[in-house]
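Subject: Structure handover

Hello,

Here is the structure we talked about. Please open it first and keep it beside this message while you read on.

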Amino acid sequence: MTKVYIGKIVNTHGIKGELRIKDDLNDIQRKEIFKINSHLIILDTPYLIKSYRRHKDYDMVSFLGLTNINEVLFLKGKKVYKETGEISLDSDNILDSELVAYKVKTDNGEEGIIKAIEKTGVNYKIIRLVINNKEILVPYHKDFIINIDNNKKELVIRLP
């Protein structure tokens, strides 16, 4: 089972077992990740999503069979994952946690690796690369990303 990081449970909400998840997903990714009757993995245990809604900056989720705050308190502060087999996103909406494992090729032939994808503002992300033992920051924007090859797990970029 291959899983990808989604976010973190930051708190409970109300008394009926709803959980508050903080993540960096966009709306298209959320629609795919938080489908009703799909699973989220917490502490290596799959939980079936019974309900989902967006509230302020959080994703609010409740799971089948967990209907009381006392049944979900142990999940507070835990990381949330999704099995890759349950996700079908196109290359424009690949999850940041998946991209970190990709190799990088530049438009001038250099090769490197992605160290991290960092959020710098409300809608801005930076790709932190290492090429020839040098760290390079590249905006995560369509003007700099030439191609994403999910089969080769490779990202082709144009350096600024």
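Why does Y5 count as partly exposed? Because its relative accessibility is 35%; buried means under 20% relative accessible area, exposed means over 50%, and partly exposed lies in between (1.4 Å probe, protein chains only).

Some ground rules before the rest. This is a predicted model, in which local features need pLDDT of at least 70 and side-chain atom pairs count only at pLDDT 80 or more, while totals for chains, interfaces and linings use all residues. Residues are numbered from 1 along each chain as its sequence is written, and side-chain values use heavy atoms, with hydrogens and water left out.

Aromatic pairs

Rings of Phe, Tyr and Trp (its six-membered ring) pair if their centres lie within 6.5 Å; planes under 30 degrees apart count as stacked, over 60 as edge-to-face and the rest as tilted. By this rule there are 3 aromatic pairs. Y5 and Y81 make an edge-to-face pair, with 5.8 Å from centre to centre and 70° between the planes. This pair links distant parts of the chain, 76 residues apart: Y5 is in strand β1 and Y81 in strand β6 (residues 79-83). Strands (E, at least two residues) are DSSP runs, numbered from the N terminus. Y81 is partly exposed because its relative accessible area is 22%.

Y47 and F63 form a tilted pair, 5.2 Å centre to centre and with 35° between the planes. Here strand β4 supplies Y47 and strand β5 supplies F63, 16 residues apart. Y47 has a relative accessible area of 14%, so Y47 is buried. F63 also counts as buried, because its relative accessibility is 1%.

Charges over a ring

A charge sits over a ring if NZ of Lys or CZ of Arg is within 6 Å of the ring centre and within 35 degrees of the ring normal. The ring of Y58 has the charged end of R20 over it, 5.0 Å from the centre. K22 lies over the face of Y58 too, at 5.4 Å from the ring centre.

Nonpolar cores

A nonpolar core is a set of buried Ala, Val, Leu, Ile, Met, Phe, Trp, Tyr and Cys residues joined through side-chain atoms within 4.5 Å. The largest one has 20 residues, and I6, I33, F34, L40, F63 and L75 have the most contacts inside it. Strands β1 (3-13), β2 (18-23), β3 (39-42), β4 (45-55) and β5 (58-63) each give two or more residues to this core. The largest share, 3 residues, comes from β1. Apart from this core lies another, of 14 residues, among them I94, L99, I148 and I157.

Regards

Conventions:
Helices (H or I, at least four residues) and strands (E, at least two) are DSSP runs, numbered from the N terminus.
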